[in-house]
Amino acid sequence: MTNEIRVLIVDDDFRVSGIHRDLVAARPGFSALPPVRDAASARIAIRDMRPDLLLLDVYLPDGDGIEIGREAGIDRFVLSAADDVATIRRALTSGALHYLVKPFDPRALQDRLDRYARFRNLLSSGSATQETIDRAVSVLHGAAAVTPPRAGTQQIILDALAAGEASSVEIAERVGVSRATAQRHLAELAARGAVDVTLQYGSAGRPEHRYRLS
C-alpha cells in the first residue's frame, strides 16, 4: 500500500486506548490517530480526521460505540469487555469486521490489523472477480483461504499488475498470497510472455526483479 491506514481508537479508558494506540502504531502500514474517549469527540474526530478504520469500545460515557460505527459507515473493529451474545451479534450485524473481548492478547489485535491490511489490498479499487472476493473474506476472518484454480490465481496476479509495475513481495501483498506463491506464478507468466521482467539495482545487495504486464 502507498498510503498508511489511519486508525481512530474510541475508548473511555485512557490506559487501554494508549496500549491500543501503540499496537496500531507499531504495525507497518498503519497510522494511529490521537484516541478519543467519548461519543461526541468521536463524531468530531471522524468528521475532521477522516480515519479509515475505527477501534470502538461499546460503552462510552455519552453514547454507544456500536451506533457510532453504524453512523460513520467506516470499517471498524469492536473491542469491548461485553461478552454477551446480544451485544456481539448487534456489533457484527451493524457492520463490525471483528469483535475482540477485553482483555485480549495483543497478538490478537496485531493479527487482525494485518489481515485487514491484506483485505484492503485485495479490494482496493475497480472491480473484483469472485475468487478475489472469496480470498479477501477468507483473509479478513482467518479462515482457510479459498484456493482458486491455478489459472484463476494467475489472472488475479495479472489484475494486480494492472495497477503498475511491482516486485514479487508487492504482488503477494496485493493478492493476499505468500511471496513464494507469487514468485512461482510470476515465473510461469513470464515464461509464457504474459509479463515482462526487469532488474532494478539498489545501492546494496541483490538486484530486485520487477514485473509488469507485457
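This is a predicted model: local features need pLDDT of at least 70, side-chain atom pairs count only at pLDDT 80 or more; totals for chains, interfaces and linings use all residues.
1. Residues are numbered from 1 along each chain as its sequence is written, and side-chain values use heavy atoms, leaving out hydrogens and water.

2. Strand E3 spans residues 53–56 (strands are DSSP runs of E, at least two residues, and helices are runs of H or I, at least four, numbered from the N terminus). Leu 53 and Leu 55 cover one side, Leu 54 and Leu 56 the other, and all are buried (under 20% relative accessible area; exposed is over 50%, partly exposed in between, with a 1.4 Å probe and protein chains only).

3. E3 pairs in the parallel sense with E1 (residues 5–10) over 4 bridges, and likewise with E6 (residues 75–80) over 4 bridges. Pairing takes at least two DSSP bridges between the strands. Leu 53 partners Val 7 and also Asp 75 in E6.

4. The structure holds 16 salt bridges (a Lys or Arg side-chain nitrogen within 4 Å of an Asp or Glu carboxyl oxygen). One of them joins Asp 57 to Lys 102, closest N and O atoms 3.4 Å apart. Asp 57 sits in the loop between E3 and E4, Lys 102 in the loop between E7 and H5, so the pair ties together parts 45 residues apart in sequence. Asp 57 is buried at 7% relative accessibility, as is Lys 102 at 18%.

5. Arg 210 and Glu 208 form a salt bridge at 3.3 Å between the closest N and O atoms. Shared partners link Glu 165, Glu 170, Glu 208, Arg 210 and Arg 212 into one network.
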